[in-house]
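Please read them with the model open.

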Amino acid sequence: MTNHEIHNNIRTALLSREPYEVEESLMPLYQLSEIGEFIDDLIDLLNEDFHFKHEDIVRLLQEAKDPKTCQVLKETTFKDFEYLKYDDSFGLARKCTWALADIRTTEAKNFLKEISETSNDIISKYATKRLENWDNELQRKGNS
């Protein structure tokens with residue numbers, strides 16, 4: 001499948017608002033070593049609430065480490081998707097804090113500081129831990 005076809009499939013999934021199409025459109029991305037040209041598509045998908053792939057998208061963005069995803073990752077940290085109501089450990093928020101930490105920009109760090117000041121103790125602790133381990137995780141982040 002070409003990158004053009006992948007992009008078209010993602011756009012079609014966005015327009016169709018069919019959760020299964022989102023899942024199918026993401027599959028080829030897991031096989032690519034570089035997803036930079038799909039970042040805008042992933043940001044668009046992350047902003048939508050009709051599908052169930054937010055954690056997978058955050059994982060892809062974490063691996064991409066693209067600074068332009070910082071804002072959407074911060075916003076997603078606080079989103080309250082209906083299908084995740086059962087998750088009282090806020091796994092999506094945790095994944096967002098990991099992704100921000102791996103981006104490793106000043107903006108990402110500042111967003112983690114903002115998140116650490118939230119009234120939700122669980123989410124706050126996730127961000128605080130990423131900040132406390134900021135320098136210790138350089139090798140994992142690929143910045144050694």
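1. Ground rules. This is a predicted model, where local features need pLDDT of at least 70, side-chain atom pairs count only at pLDDT 80 or more, and totals for chains, interfaces and linings use all residues. Residues are numbered from 1 along each chain as its sequence is written, and side-chain values use heavy atoms, with hydrogens and water left out.

2. The core. The largest nonpolar core holds 38 residues. Such a core is a set of buried Ala, Val, Leu, Ile, Met, Phe, Trp, Tyr and Cys residues joined through side-chain atoms within 4.5 Å. Buried means under 20% relative accessible area, exposed over 50%, and partly exposed in between (1.4 Å probe, protein chains only). Leu26, Leu29, Leu42, Leu45, Leu73 and Leu100 have the most contacts inside the core. Helix H6 (91-103) is among the elements that give two or more residues to it. H6 supplies the largest share, seven residues. Helices here are DSSP runs (H or I, at least four residues), numbered from the N terminus.

3. Leu100. Which residues does Leu100 contact, leaving aside neighbours within four places in sequence? They are Cys70, Leu73, Lys74, Ala108, Phe111, Leu112, Ile115 and Trp134. Contact means heavy atoms within 4.5 Å.

4. Helix H2. Its buried residues are Val22, Ser25 and Leu26. Seen down the axis of H2, they fall within an arc of 95 degrees, so they line one face of the helix. The arc is that of the directions from the helix axis to the C-beta atoms. Their cover includes H1, H3 and H4.

5. Helix H4. In H4 (residues 54-64), the buried residues are His54, Ile57, Val58, Leu60, Leu61 and Gln62. Just after H4, Lys65 takes a positive phi of about 55 degrees.

6. Thr77. This residue lies in helix H5 (residues 70-77). Thr77 is buried, at 3% relative accessible area. Not counting residues up to four places away in sequence, Thr77 touches Ala93, Cys96, Ile115 and Ile123.

7. Salt bridges. The count is eleven, taking a side-chain nitrogen of Lys or Arg within 4 Å of a carboxyl oxygen of Asp or Glu. Glu48 pairs with Arg17, with the closest N and O atoms 2.8 Å apart. Glu48 sits in the loop between H3 and H4, and Arg17 in the loop between H1 and H2, 31 residues apart. Glu48 is partly exposed at 23%, and Arg17 is partly exposed at 39%.

8. Another bridge. Lys85 and Asp80 meet at 2.6 Å, N to O. Lys85 is partly exposed at 44%, whereas Asp80 is exposed at 58%.
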